[in-house]
2 protein chains.
Amino acid sequence: MSTKGNMTRNKLMDIAERRILQKGFSATSIEDIITEAGISKGGFFYHFEGKDDLAYALMQRYREQDAFLFSGLFRRAEELLDDPLQQMLLFIKLLAEMMDQLEDLHPGCLVASFTYESHEVNDQVKAITADSVMDWRQLFSDQLNKVHQHYPPKLDVNTTDLADLLSTVIEGGIVVSRAIGDKKLLVRQLLEYRNYIRLLYEA
Amino acid sequence: MSTKGNMTRNKLMDIAERRILQKGFSATSIEDIITEAGISKGGFFYHFEGKDDLAYALMQRYREQDAFLFSGLFRRAEELLDDPLQQMLLFIKLLAEMMDQLEDLHPGCLVASFTYESHEVNDQVKAITADSVMDWRQLFSDQLNKVHQHYPPKLDVNTTDLADLLSTVIEGGIVVSRAIGDKKLLVRQLLEYRNYIRLLYEA
DNA sequence: TGGTTACTGTACTCCAGGTTCAGTTTTCGG
DNA sequence: CCGAAAACTGAACCTGGAGTACAGTAACCA
């Protein structure tokens with residue numbers, strides 16, 4: 001796992017991810033990446049077949065990391081609390097706290113990057129990007145369904161839309177936060193989402 | 001205003017905007033644009049000093065169009081209703097209806113495009129992008145402030161964050177909607193935002 | 001110690017993209 | 001209908017990036 005080759009591969013992916021989030025996919029050149037990594041072009045093509053292959057690998061890793069992160073936070077919430085609504089509210093709070101600890105602006109989200117440059121990536125990358133969003137929907141709506149079964153919502157809502165709203169707030173919060181250079185905006189938006197859930201389900 | 005030169009300029013901008021929203025800024029080449037416009041390269045550089053100049057002109061126009069659109073919807077809401085809360089709710093509904101009438105996926109938002117490729121555009125473009133978001137904040141929070149004065153919110157919120165949440169839901173809704181190819185998602189997310197406002201302020 | 005893994009370095013092709021400019025056509029006011 | 005200003009054309013220039021090919025080398029590890 002942590003052979004020399006894997007370390008270099010990960011390093012290349014780290015650099016690529018950061019640059020893509022900053023500059024976009026097509027503006028990120030292989031030249032850029034290998035210069036920062038201190039590796040030769042041949043070295044790059046030893047690890048990846050090309051830019052498309054790199055994009056796919058990045059999205060795949062991103063998806064796994066996200067799933068790990070979110071399910072970790074849910075598990076933590078379940079450890080601490082029994083009530084599904086309180087778990088959900090805590091989950092959002094934990095997520096907001098994580099975002100709060102970033103000293104810089106949120107680096108961005110690969111899903112958004114590839115979505116806004118969808119004509120530049122192949123169908124496999126598009127597909128896994130969509131899968132990633134569907135993962136979030138599944139994860140969030142699973143918890144919201146538990147809430148839904150225990151508490152009558154104040155308004156007629158469905159849990160899929162509510163789940164998507166969290167993805168929406170995260171993606172939108174990143175964009176707006178970066179656009180006006182306000183580090184804490186994303187956190188505040190997450191807490192607005194939390195308010196909405198409270199108003200919907202709390203007695 | 002509608003001299004031949006202006007018509008060509010607008011045509012170039014229309015094509016550029018559509019392509020940038022689809023493929024991103026740096027992936028959109030001048031070659032692309034002029035081919036579709038049926039004009040020569042020299043012709044392009046007669047109208048714009050370069051790509052940066054084009055980006056700035058696009059963002060400027062976008063900002064004006066947005067302001068026109070949003071304030072138009074607010075005026076319509078004011079014509080039809082007197083109560084500020086009901087006006088706000090109607091505004092969101094009108095906005096959602098507009099989005100609903102798009103037969104395709106939402107084309108995207110230039111603010112998001114330039115934000116995710118901020119390293120590719122100059123400081124002027126970054127500045128006007130931020131200004132555009134601040135316009136939305138101003139416009140939305142003006143109305144929300146009126147609501148706030150008439151109705152006690154159920155939870156402690158500030159109108160700036162609430163205003164930003166609408167921008168967030170729009171930007172995020174576009175991303176998520178496009179990522180999974182669901183045309184109606186953005187509309188549904190806007191109605192979730194509307195729900196939140198209702199729960200916050202309605203008796 | 002020797003084979004596999006992980007590279008380096010160079011050299012090359014091909015093409016796309018941004019930019020410039022001298023010259024040509026079109027438009028339109030007088 | 002003339003001439004200047006506006007609106008282009010077309011070709012050339014240069015850079016840079018994706019990808020290829022491959023021979024040689026160093027590091028790792030069984």
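Student: Hi! How far apart are the centres of domain 1 and domain 2 of chain A?
Tutor: Taken over C-alpha atoms, the centres of domain 1 of chain A and domain 2 of chain A are 28 Å apart. This is a predicted model: local features need pLDDT of at least 70, side-chain atom pairs count only at pLDDT 80 or more, and totals for chains, interfaces and linings use all residues. Residues are numbered from 1 along each chain as its sequence is written, chains are lettered from A in the order in which they are written, and side-chain values use heavy atoms, with hydrogens and water left out.

Student: Which residues belong to each domain of chain A?
Tutor: Domain 1 is 1-48 and domain 2 is 60-201, with bounds from an automatic or database domain assignment.

Student: And how many residues does each domain bring to the contact?
Tutor: Domain 1 of chain A brings 10 residues and domain 2 of chain A brings 12 residues, where contact means heavy atoms within 4.5 Å.

Student: What area do the two domains bury between them?
Tutor: About 940 Å², with 54% of it on carbon and sulfur atoms. Buried area is the accessible area (1.4 Å probe) that two parts lose on being put together, summed over both. On the domain 1 side, A:Glu17, A:Leu21 and A:Phe25 lose the most area to domain 2 of chain A, together 61% of what that side buries.

Student: Which residue does A:Glu17 meet in a salt bridge?
Tutor: A:Arg61, at 3.2 Å from N to O. A salt bridge here is a side-chain nitrogen of Lys or Arg within 4 Å of a carboxyl oxygen of Asp or Glu. Between domain 1 of chain A and domain 2 of chain A the count is two salt bridges.

Student: Switching topic: how much do chain B and chain A bury between them?
Tutor: That pair buries about 4,300 Å², 64% of it on carbon and sulfur atoms. In chain B, the residues losing the most area to chain A are B:Tyr116, B:Glu192 and B:Leu199, together 18% of what that side buries.

Student: How many salt bridges does the rule find across the interface of chain B and chain A?
Tutor: Two. A:Asp161 forms a salt bridge with B:Arg188, their closest N and O atoms being 2.8 Å apart.

Student: Which helix gives the most to the side of chain B that touches chain A?
Tutor: H8(B), with 16 residues. Helices (H or I, at least four residues) are DSSP runs, numbered from the N terminus.

Key. Helix = DSSP H or I, 4+ residues; strand = E, 2+ residues; numbered from the N terminus.
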